[in-house]
Amino acid sequence: MANRAVHPATPLAGVGGEALAEFIGTFVLVLLGNGAVASFLLFNNIAGTNAFFANTWPVVFFGWGFALMLGIYIAGAISGAHLNPAVTISFAATRRFPWNKVGPYIVAQFLGAFVAAAFLFFVYRGAITHTLGGASLNAANVNKVGLAFYTGKRDFVGLFGAFCAEALGTAMLVGLILAIVDARNQPVQANLNPLIIGLVLAAIGCSLGIITGFAVNPARDFGPRLWMTLAGGGLGALNSYTWVPIVAPIVGGLIAAFGYDYTIGRVLAERGMTRSGTAVTRGEAVREPDMHVDTGGHPIREETRGRPVREEGRGRTFRER
């Protein structure tokens with residue numbers, strides 16, 4: 001038997017590396033997504049800046065869609081690219097993801113969103129000052145610029161309606177992620193999962209987003225909201241609406257995850273559906289097999305036989321190796 005070099009384990013080889021990937025992926029998600037929102041809000045109706053498309057609603061939902069796609073491409077192979085506490089909790093509750101990793105993932109997601117908001121605040125500082133008319137940021141005026149960082153409902157939308165919009169939007173996101181990465185259900189191949197999931201978020205923003213700003217992600221809202229609170233917005237940013245984009249996405253995600261298992265997932269299992277085409281499932285990842293990999297004469301196969309995978313490593317929106 002050939003000798004193998006034994007390398008000492010490091011924190012980055014385990015959950016520490018996964019948490020770092022979640023931090024960076026969420027940072028990219030919020031930096032680019034909220035950057036699109038800032039372009040839409042802070043440069044709207046300013047003479048000389050009304051460039052075509054730059055301050056129209058499509059720049060917001062397409063901006064978030066592409067931001068999610070890039071975040072998944074960055075973190076997917078390491079952590080599965082949840083980038084969203086609602087996804088992490090939903091996957092753990094349905095035994096797709098180990099509970100002992102939930103805490104590190106969520107902390108990393110909130111920190112990534114918080115740091116991204118800080119970067120954006122300083123990059124857009126001139127536009128923020130202009131929008132505030134030169135005044136300092138405070139609790140009374142924070143909402144003039146705050147919605148470039150966190151979400152809020154329209155004045156004519158009730159709290160219940162806003163909660164339902166956030167819960168439904170997140171349910172669509174989580175449910176469609178599960179459908180897309182399920183190897184038994186015509187999975188996306190050729191490394192296109194991130195693009196398709198990004199387009200899912202864009203579709204949600206197009207249909208439901210304008211009601212509340214479609215947080216559909218507790219970290220994406222609370223991280224930037226906390227930054228704006230500390231930057232001078234105080235209780236004007238940390239207001240009575242704060243709990244909605246935290247609780248509603250978690251509720252919606254849980255409903256979708258259990259709903260998928262007891263509807264589409266159950267049908268696929270009852271029909272004995274196995275992997276589709278040449279896709280290989282790694283955790284919740286879907287990838288075409290490498291035809292150059294030596295399998296020792298054994299066929300590449302899947303052990304699920306139509307049943308949900310329950311071992312550690314599931315709960316991925318992208319593949320891990």
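How many cavities of 30 Å³ or more does the structure hold? There are three. A cavity here is a set of points, on a 1 Å grid over the protein atoms alone, where a 1.4 Å probe fits but cannot get out; lining residues have an atom within 4 Å of a point. Points are joined across faces, edges and corners, and a volume is the space filled by probe spheres set on them.

This is a predicted model, with local features needing pLDDT of at least 70, side-chain atom pairs counting only at pLDDT 80 or more, and totals for chains, interfaces and linings using all residues. Residues are numbered from 1 along each chain as its sequence is written, and side-chain values use heavy atoms, leaving out hydrogens and water.

Here's the largest cavity:

| Item | Value |
|---|---|
| Space in the largest cavity | about 150 Å³ |
| Lining residues | 18 residues |
| Given by helix 2 | three residues, the most |

Leu 68, Asn 84, Leu 173, Leu 201 and Asn 217 lie nearest its centre. Helix 2 (57–79), helix 7 (159–181) and helix 8 each give two or more residues to the lining. Helices are DSSP runs (H or I, at least four residues), numbered from the N terminus.

Now for helix 8. Its 20 residues (193–212) should span 28 Å at 1.5 Å a residue, and the end C-alpha atoms sit 27 Å apart, which agrees. That expected span is 1.5 Å times one less than the number of residues. Buried residues (under 20% relative accessible area, 1.4 Å probe, protein chains only) in helix 8 include Ile 197, Leu 201 and Leu 208. After helix 8 comes Gly 213, with a positive phi near 90 degrees.

Key. Buried means under 20% relative accessible area, exposed over 50%, partly exposed in between (1.4 Å probe, protein chains only). On a 1 Å grid over the protein atoms alone, a cavity is a set of points where a 1.4 Å probe fits but cannot get out, and a pocket is an open set with protein on both sides within 12 Å along at least five of seven lines; lining residues have an atom within 4 Å of a point.
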